[in-house]
Amino acid sequence: MEINERGFSNKALEDFALIDQAVQAKDQQAYASLMKRYKKAVYFMILKMIRNADDAEDLTMEAFAKAFKNLDRFKKDYTFSTWLFRIATNNTIDFIRKKKLKTMSLNNTLTDDGGNSVNIDVEDDDNNPQDEFIKSQRIEMVRIFVDKLPAKYRKLVQLRYFDELSYEEIAQELEKPLGTVKAQLHRSRELLYEIASGKEKHI
């Protein structure tokens, strides 16, 4: 990996340029490029933590939505991948605490795209006021994007994210086949990715 005089790889510098385009020029393609670069890595990192593909997809969407919403606050003191992975990790830990999931991978140290260690610090399973604040901020952040969804998908996302129903419960609630619910929620996530990338005008 080639490192420049500032100590960042060429890929990290390319990320910085994309961030400038996204924030300063409101370049939608820059958001999309950042997501394309890291979506798979973030997804598999989360999947390693929770070992559930559906939840990993949901949490990947949330991580990018939160990162893009706060992109103007990003400081170039470290790489974008380190910042993004930390957002994704903290969001997933919040989810794990809430669901009280147990997984051995929480004892591992993960490595971000730049080879830097991202430590996971899980204290106890009891929510404290800080956890509740983080949770409320996360829900509010996602709701901003959900409100822009077409009506047919908004109800599905409401049941999944805010009412916290399982896929089976949603299928029962809406009287739809489980496969249909999963397919429509997958499409909902795709639309949310597009909205988070600034492409809502195409929806």
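**Going through the model**

Student: Which contacts are we talking about when you say 64% in the protein chain?
Tutor: Among contacts in the protein chain with a separation of 6 or more, 64% are between residues 24 or more positions apart. Contact means heavy atoms within 4.5 Å.

Student: Where do these values come from?
Tutor: This is a predicted model, in which local features need pLDDT of at least 70 and side-chain atom pairs count only at pLDDT 80 or more, while totals for chains, interfaces and linings use all residues. Residues are numbered from 1 along each chain as its sequence is written, and side-chain values use heavy atoms, with hydrogens and water left out.

Student: How many helices and strands does the protein chain have?
Tutor: Eight helices and two strands. Both are DSSP runs numbered from the N terminus: helices are H or I with at least four residues, strands are E with at least two.

Student: And what order do the elements run in, from the N terminus on?
Tutor: The order is α-α-α-α-β-β-α-α-α-α.

Student: What share of the residues is buried?
Tutor: Of the 203 residues in the protein chain, 43% are buried. Buried means under 20% relative accessible area, exposed means over 50%, and partly exposed is in between, with a 1.4 Å probe and protein chains only.

Student: New topic: which residues touch the most other members of the largest nonpolar core?
Tutor: Val42, Leu71 and Phe80, out of 54 residues in that core. A nonpolar core is a set of buried Ala, Val, Leu, Ile, Met, Phe, Trp, Tyr and Cys residues joined through side-chain atoms within 4.5 Å.

Student: Which element gives the most to this core?
Tutor: Helix α2 does, with eleven residues.

Student: What is Val42 in contact with, leaving aside neighbours within four places in sequence?
Tutor: Val42 is in contact with Thr60, Ala63, Phe64, Leu84, Phe85 and Ala88.

Student: Back to α2. At what angle do the axes of α1 and α2 cross?
Tutor: Helix α1 (residues 10–24) and helix α2 (residues 28–50) cross at roughly 145 degrees, and their axes come within 8 Å. Axes are lines fitted to C-alpha atoms, for helices over the stretch in contact, and angles run from 0 to 180 degrees between N-to-C directions.

Student: Which residues meet there?
Tutor: From α1 there are Lys11, Glu14, Asp15, Leu18, Ile19, Gln21 and Ala22, and from α2 there are Ala30, Tyr31, Ser33, Leu34, Arg37 and Tyr38.

Student: What about salt bridges, how many does the structure hold?
Tutor: Seven. A salt bridge is a side-chain nitrogen of Lys or Arg within 4 Å of a carboxyl oxygen of Asp or Glu.

Student: Which residue does Arg37 form a salt bridge with?
Tutor: Arg37 pairs with Glu14, and their closest N and O atoms are 2.4 Å apart. This pair joins helix α2 to helix α1 across 23 residues. Asp15 is linked with Glu14 and Arg37 in a network of salt bridges.

Student: Is Arg37 buried or partly exposed?
Tutor: Arg37 counts as partly exposed, at 29% relative accessibility, and Glu14 is also partly exposed, at 41%.
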